[in-house]
Amino acid sequence: HVDRIAMCVTSSHTAALYLRAMGLYNPFVVASDGALLEELRSVGIHKYHATVLDSGEPRRDFVSAKQDAAALARVLAAPWARRVDSIVVTSDDTFSARKVAVVVNLLNMADEAGKPPPPLIACASDRGHLLGTSDGKSGLPVRLRAMGNGSMAEAISQCFEPTYPWIDMGKPSDVLFDLIVNEFEVDVSHALLIGDGLSTDIAFGNGAGMATLLVLSGSTTYAQAEAAFLSAHSLVKPTYVLSELGTFAKELQAIARLRIAQSLEAKGSGTVRV
């Protein structure tokens, strides 16, 4: 189990490593569960403050979504607010106007105090993601879409004039690419990137020099995949497309059987069915 965990790279892990590398040990974290907080603790970052407790339960000040002046004043008067050196936004199922307002005011407080602008960091850049499917009136499944992590960071960014820049820790960011190549020693020329997003997964794989496989069981529809093939933007053109990942596994099994049969025939076993 430990070995399997060590083989996994998540954008939350990337964000935690980035904060440590940049010497940012007092982040304010926008989240709806404790997963990112666990990643922070695993790399030695313990002085964070978040919209949730370590258990994942929401903090009292962030239960309401309302932009209430008294509540904002109470949050910003807390001692931790003056120590914030970065903002990290992860995918948040309870993203709200109050959370946006707190982040905007934390960034403004640093500016008014003459401090360096805290970096605004998003664990991923996806504009939306798939929650599931529901039966439509026609009897065909309807994809249920939700706000993505990138859209959350962009909502905060758009509160400023000019817009506040944010840093992406997920696909297709250079930060994630460097981690995969340098820490995990992946040879991208022999790697296959499998994903369901064109501007995130496929763009990341193509930009990194990998072969790419787009699966249509997630956020990308057949029509969008077709448009990507016709697009002049080569980064979103997948090398391969399959309806779902299970199809890929079946193809691998078929190839393995064929190679076994060919090997046995080459050894003089005659015609073999595997």
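Hi everyone. A quick definition before we start: I call a residue buried when its relative accessible area is under 20%, and exposed when that area is over 50%. Please also keep in mind that this is a predicted model.

Let's begin with strand β1, residues 27-30. Which of its residues are buried on either side? Pro27 and Val29 are buried on one side, Phe28 and Val30 on the other, and in this way both faces of β1 are covered.

Now for the neighbours of β1. Strand β3, residues 86-89, runs parallel to β1 and is joined to it by four bridges. Strand β2, residues 49-50, is parallel to β1 too, with two bridges between them.

From β1 we can follow the chain onwards. Together with helix α3, residues 35-42, the strands β1 and β2 make a right-handed β-α-β unit. Within α3, the residues Leu36, Leu37 and Leu40 are buried. Why do they line one face of the helix? Because, seen down the axis of α3, the buried residues fall within an arc of 100°. The buried residues of α3 pack against α2, β1, β2 and β3. Turn to the other side of α3 and you find Glu38 and Ser42, which are exposed. Just after the helix comes Gly44, with a positive phi of about 90°.

How many aromatic pairs does the structure hold? There are three. Phe28 and Trp80 make a stacked one, with 5.3 Å centre to centre and 10° between the planes. Phe28 sits in β1, while Trp80 is in the loop between α4 (69-76) and β3, so this pair ties together parts that are 52 residues apart in sequence. Phe28 has a relative accessible area of 0%, so it is buried; Trp80, at 14% relative accessibility, counts as buried as well. Ring pairs also bring in Phe62, linking Phe28, Phe62 and Trp80 into a cluster.

Elsewhere, Phe160 and Tyr164 have ring centres 5.1 Å apart and planes at 50°, so that pair is tilted. Phe160 counts as buried at 14% relative accessibility, and Tyr164 is buried at 12%.

On to helix α7, residues 174-183. Here the buried residues are Leu176, Leu179 and Ile180. They cover an arc of only 95° around the axis, which means they are on the same side of α7. What do they pack against? Their partners are α2 (11-21) and α8 (198-208). The face turned away from that buried side carries the exposed residues Asp174 and Asn182.

Past the end of α7, two residues are worth a look. Glu185, which follows the helix, has a positive phi, near 55°. Phe184 lies in the loop between α7 and β8 and, at 27% relative accessibility, counts as partly exposed. Leaving aside residues up to four places away in sequence, Phe184 touches Ala6, Cys8, Val9 and Leu179. Its C-alpha atom is separated by 9.1 Å from that of Val9, although Phe184 and Val9 are 175 residues apart along the chain.

In what order do the strands come? The order is β8-β9-β10, and the pairing is parallel. β8 (192-195) and β10 (240-242) stand at the edges with a single partner strand each, so one side of each has no neighbour in the sheet. Neighbouring strands here are turned by 20° against each other on average, direction ignored. Between β8 and β9, residues 211-215, there are four bridges, and Leu192 stands opposite Ala211 in β9. Finally, helix α10, residues 245-266, lies across β8, β9 and β10 and runs at about 145° to β8.

Definitions and conventions:
Residues are numbered from 1 along each chain as its sequence is written. This is a predicted model: local features need pLDDT of at least 70, side-chain atom pairs count only at pLDDT 80 or more; totals for chains, interfaces and linings use all residues. Side-chain values use heavy atoms; hydrogens and water are left out. Two strands pair if DSSP finds at least two bridges between them. Axes are lines fitted to C-alpha atoms, for helices over the stretch in contact, and angles run from 0 to 180 degrees between N-to-C directions. Contact means heavy atoms within 4.5 Å. Buried means under 20% relative accessible area, exposed over 50%, partly exposed in between (1.4 Å probe, protein chains only). The arc is that of the directions from the helix axis to the C-beta atoms. A crossover is right-handed if, with the strands pointing away from the viewer, the path from the first strand over the helix to the second runs clockwise. Rings of Phe, Tyr and Trp (its six-membered ring) pair if their centres lie within 6.5 Å; planes under 30 degrees apart count as stacked, over 60 as edge-to-face and the rest as tilted.
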